[in-house]
Amino acid sequence: MFKKILLAATPQVDTQTAPRAAFDLARSRNAEVVLFHSLPLERDAWCCLDDPADRARLIASTEAKIADFYKEDLKDIPHSIRVTTGNAHEEILKIIHAEGIDLIVMGHHTQPPHRADRMWGVVDTTIRKVCANVFCPVMVVTNPMPAGADIKSIVMATDFSTPSDSALCYAVQLASSFDAHLDIFHVLDVGQITPNPAYYMQSMQVFIDKAINRMQDRYAQALRDVSHEFHCWEGLPYVEILKQARWQEADLVIMAQYSSSEDHAKASVGSTTIQVALSPGCPAVLVNYRARTCI
């Protein structure tokens, strides 16, 4: 399913869950890995002020350090290293489009301790800027994937929007490729600050049954050849998705990058997809909208 995987190589050597996931996926799928890093204007763990100041030499020096750091992991994987300067999301988009990337793998994106308060906003902005301009999915890895990328359980969260339908098609394709079980999950959003009055007019079970019937009617054709179950209950979406993934011992969570429940004009720091992706748990795949026919 994957032919070319782009890994955003981080110099944070103590958080290597994303590289491990990318390398295991590449081995299991016989895919090529493109390691990408964009040098900032200031000091960086891949380079320092003592390195050559000339741009070409600085890039070559950084490429050599990345190659040396991952040499054992990459010895049996076709790969290339791309080091650039400039805005990370702009440079990564150029490579994604030019190389025909199938999957982007990103890991922990944190600020230095004195700017730890900006972590969520910075990561969210980078992911959004990338996803808004590419068709390929983005995998955010916080905790390790199963050894050898042996994916056997997938949770797909849907809100019945068109982007969610597209993500469902991708989830079906992924489940078929890995022979994995697929759980389709919908959360009845009761509201975090202002409760949704509709859910207090009658028994919650009525709404749950309606949602499950809707999933069965909407997705039955797409799921006919895939082991699957439908689940629904009420709560705060990102909390319940994380709980469902934990209870199902999921290897992967799949969500649409944009959904009908999000206001794109507002800051996206608190979006469901980002909150799930950056919380401790199994890797999350954010699927940007692309016309897919399976329903």
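Predicted model: local features only at pLDDT ≥ 70, side-chain atom pairs only at ≥ 80, totals over all residues.
Local features here need pLDDT of at least 70 and side-chain atom pairs count only at pLDDT 80 or more, whereas totals for chains, interfaces and linings use all residues. Residues are numbered from 1 along each chain as its sequence is written, and side-chain values use heavy atoms, with hydrogens and water left out.

**View 1. Overview of the protein chain.** The secondary structure comes to nine helices and 10 strands, where helices (H or I, at least four residues) and strands (E, at least two) are DSSP runs numbered from the N terminus. Of the 295 residues, 51% count as buried, meaning under 20% relative accessible area, with exposed meaning over 50% and partly exposed in between (1.4 Å probe, protein chains only). The chain exposes about 14,200 Å², of which carbon and sulfur atoms supply 51%, by the Shrake-Rupley method with a 1.4 Å probe. Among contacts (heavy atoms within 4.5 Å) between residues at least 6 apart in sequence, 79% join residues at least 24 apart.

View 2. The 10 strands form an open sheet with mixed pairing, in the order β3-β2-β1-β4-β5-β10-β9-β6-β7-β8; two strands pair if DSSP finds at least two bridges between them. The edge strands, β3 and β8 (228–235), each pair on one side only. The twist averages 25° from one strand to the next. Helix α2 packs on the sheet, touching β2 and β3, and its direction makes about 140° with that of β3; axes are lines fitted to C-alpha atoms, for helices over the stretch in contact, and angles run from 0 to 180 degrees between N-to-C directions. Helix α4 (residues 88–99) also packs on the sheet, touching β1 (4–8), β2, β3 and β4 (103–106), with its direction at about 155° to that of β2.

**View 3. Strand β10 between its two partners.** Strand β5 (residues 138–140) pairs with β10 (residues 284–287) in the antiparallel sense over three bridges, with Met139 opposite Val285 and Val138 opposite Leu286. Strand β9 (residues 252–256) runs parallel to β10 and is joined to it by four bridges, and there Met255 has Leu286 as its bridge partner. Ala284 and Leu286 point one way from β10, while Val285 and Val287 point the other way, and all are buried.

View 4. Helix α2 (residues 55–69) has 15 residues and reaches 21 Å from its first C-alpha to its last, close to the 21 Å expected at 1.5 Å a residue, a span taken as 1.5 Å times one less than the number of residues. Its buried residues are Leu58, Ile59, Ser61, Thr62 and Ile66. They cover an arc of only 160° around the axis, which puts them on the same side of α2; the arc is that of the directions from the helix axis to the C-beta atoms. What covers these buried residues includes β2 (32–39) and β3 (79–85), whereas the face turned away from the buried side carries the exposed residues Ala56 and Arg57.

View 5. Just after α6, Asp179 takes a positive phi of about 55°.
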